[in-house]
Amino acid sequence: MRLTKRSIDAFRYQGDGKSRDVRWDGGVPGFGVRIYPEGRKAFILSYRVNGRKRLYTIAPYGTFTLDKARENAGKLRGRIADGYDPVEARRSARHAATMTELCERYIADYAEGRKKASSLRNDKSNIDRFIKPAFGSRKASDVTSDDVLRLHNKLRDTPYQANRVLALLSKLMNLAEQWKLRPGGTNPCRHVKRFDERKRERYLSAVELARLADALAEAEREVDGVPPTVAAIRLLLFTGARLSEIITLEWAHVDFERACLRLPDSKTGAKIIQLNAPALAVLDAIERHDGNPHVIVGHKRGAHLVNMQKPWRVIRRAAKLEDVRLHDLRHSYASVGASAGLGLPMIGALLGHREAATTQRYAHLADDPLRRANDAIGAWIEAAMKGEERGEVVELPNRQR
């Protein structure tokens, strides 16, 4: 017979407590209501996949109306005809990996051994601070674009941080697809637009460099010898190196004969940093410590300096440079080169940039010498047209006229 709400309400279990009691619907093949010994009821669908008979529970009676359950059964039959197995799909979903499990697998099976220690630390921090609190207990297969957008917008006040979290989450989702934890082509981060990031540009002027020099000299006068922090800051200024490259530098990497640092590893891999005369003088003045291979020694025996931020805050306060970061010393090194007329490829090579686009941020500084030359020429021509004396013009050789 065709099931009705009245008939379902009237059904009572008829069995020995172990046997299955099902009342089938006369409308949709395989659709029916199962009555349990304790009295509860559920809509079910009986079907075959690969010759195997299965019984799928659509929903408990009362949570779905009869019409909705019947409609659901009809749709399922259509998908089953195409090879879909709802029982297997439900079992897989029940055992699907959570986002916490996905993150742990990402660290163990992907990040460790592939990423540098600093990048790995950043990933772990972003996972613990943002991704796990937002999605930890959720199934990796259940995270949607709306979920990702909600987290991204929550971090809008720190666009750089928001974009790094988004990039990490996108990688996690790509790996989830690769590891069959999500259907292919379903990365929920694909259509979430990144926030615009305003690149910070802070360069020290000649006056500011002089103030910094005074502050460093004052810090030296307070102790015997050259404090490791002072030596590190000077090396950052004279080499344009990254902070991590200087504080982890070992004497074995210093080639005095060829005036360079030979780093076996850096953010961009093995790298050579050229040493100018002031940088060599800084290295010559640094005391070597037995049992410690590092140039910038730390407080622990055999270790390098770890925290530069606290002493840097003291020095920059003395130099009235409160808004200057240690990384801005690297920018200042590059800005001097650009303003002196060095080409961007040369600056990129000195800084160890892997991509030319990274050096492009200094392009406007490289234009300064051209702008000054253009202004001088224009002023001379204007003065000549007014009959004013502007000094002699250096004549070019005949072949350049």
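The model is a predicted one, in which local features need pLDDT of at least 70 and side-chain atom pairs count only at pLDDT 80 or more, whereas totals for chains, interfaces and linings use all residues. Residues are numbered from 1 along each chain as its sequence is written, and side-chain values use heavy atoms, with hydrogens and water left out.

The protein chain contains 17 helices and seven strands, where helices (H or I, at least four residues) and strands (E, at least two) are DSSP runs numbered from the N terminus. Of its 401 residues, 39% count as buried; here buried means under 20% relative accessible area, exposed means over 50%, and partly exposed lies in between, with a 1.4 Å probe and protein chains only. The accessible surface of the protein chain comes to about 24300 Å², and carbon and sulfur atoms hold 51% of that area, as computed by the Shrake-Rupley method with a 1.4 Å probe, only the protein chains shown counting as cover for residues. Among contacts in the protein chain with a separation of 6 or more, 55% are accounted for by residues 24 or more positions apart, a contact being heavy atoms within 4.5 Å.

An open sheet of four strands, with antiparallel pairing, has the order β1-β2-β3-β4; two strands pair if DSSP finds at least two bridges between them. Strands β1 (21-24) and β4 (52-60) stand at the edges with a single partner strand each, so that one side of each is left without a neighbour in the sheet. Neighbouring strands of this sheet are turned by 35° against each other on average, direction ignored. Helix α2 (residues 66-81) packs on the sheet, where this helix touches β2 (31-35), β3 and β4, and its direction makes about 15° with that of β3; axes are lines fitted to C-alpha atoms, for helices over the stretch in contact, and angles run from 0 to 180 degrees between N-to-C directions. Within the sheet, β3 (residues 41-49) and β4 pair in the antiparallel sense over eight bridges, and alanine 42 stands opposite proline 60 in β4. Alanine 81, which lies in helix α2, counts as exposed at 65% relative accessibility. The C-alpha atoms of alanine 81 and arginine 48 are separated by 9.3 Å, although the two residues are 33 residues apart along the chain.

An open sheet of three strands has the order β5-β6-β7, again with antiparallel pairing. In this sheet β5 (254-255) and β7 (271-274) stand at the edges, each with a single partner strand, and one side of each is therefore left without a neighbour in the sheet. Two bridges join the antiparallel strands β5 and β6, and the bridge partner of aspartate 255 is cysteine 260 in β6. These two strands, β5 and β6, form a hairpin with four residues between them, and alanine 259 in the turn has a positive phi of about 55°. Arginine 258 lies in the loop between β5 and β6 and counts as exposed at 53% relative accessibility; its C-alpha atom is 8.7 Å from that of glutamine 274, which is 16 residues apart from arginine 258 in sequence. Strand β6 (residues 260-263) pairs with β7 in the antiparallel sense over four bridges. Leucine 261 stands opposite isoleucine 273 in β7, while arginine 262 stands opposite isoleucine 272 in that strand.

The largest nonpolar core has 39 residues, of which Leu212, Leu283, Ile286, Ile296 and Leu329 touch the most other members; such a core is a set of buried Ala, Val, Leu, Ile, Met, Phe, Trp, Tyr and Cys residues joined through side-chain atoms within 4.5 Å. At least two residues of this core are supplied by each of α8 (206-221), α9 (228-239), α10 (243-247), β6, α11 (277-285) and α12 (309-318), with α9 giving the most, at seven residues. Leucine 283 touches Leu235, Trp251, Val254, Phe256, Leu261, Leu275 and Val295, not counting residues up to four places away in sequence. A second, separate core of 28 residues includes Ala140, Val143, Leu166 and Leu175.

The cysteines were also examined. Cysteine 189 counts as buried at 6% relative accessibility, and cysteine 260 is buried with a relative accessible area of 2%. The structure holds zero disulfides, a disulfide being a pair of cysteine sulfur atoms within 2.5 Å.
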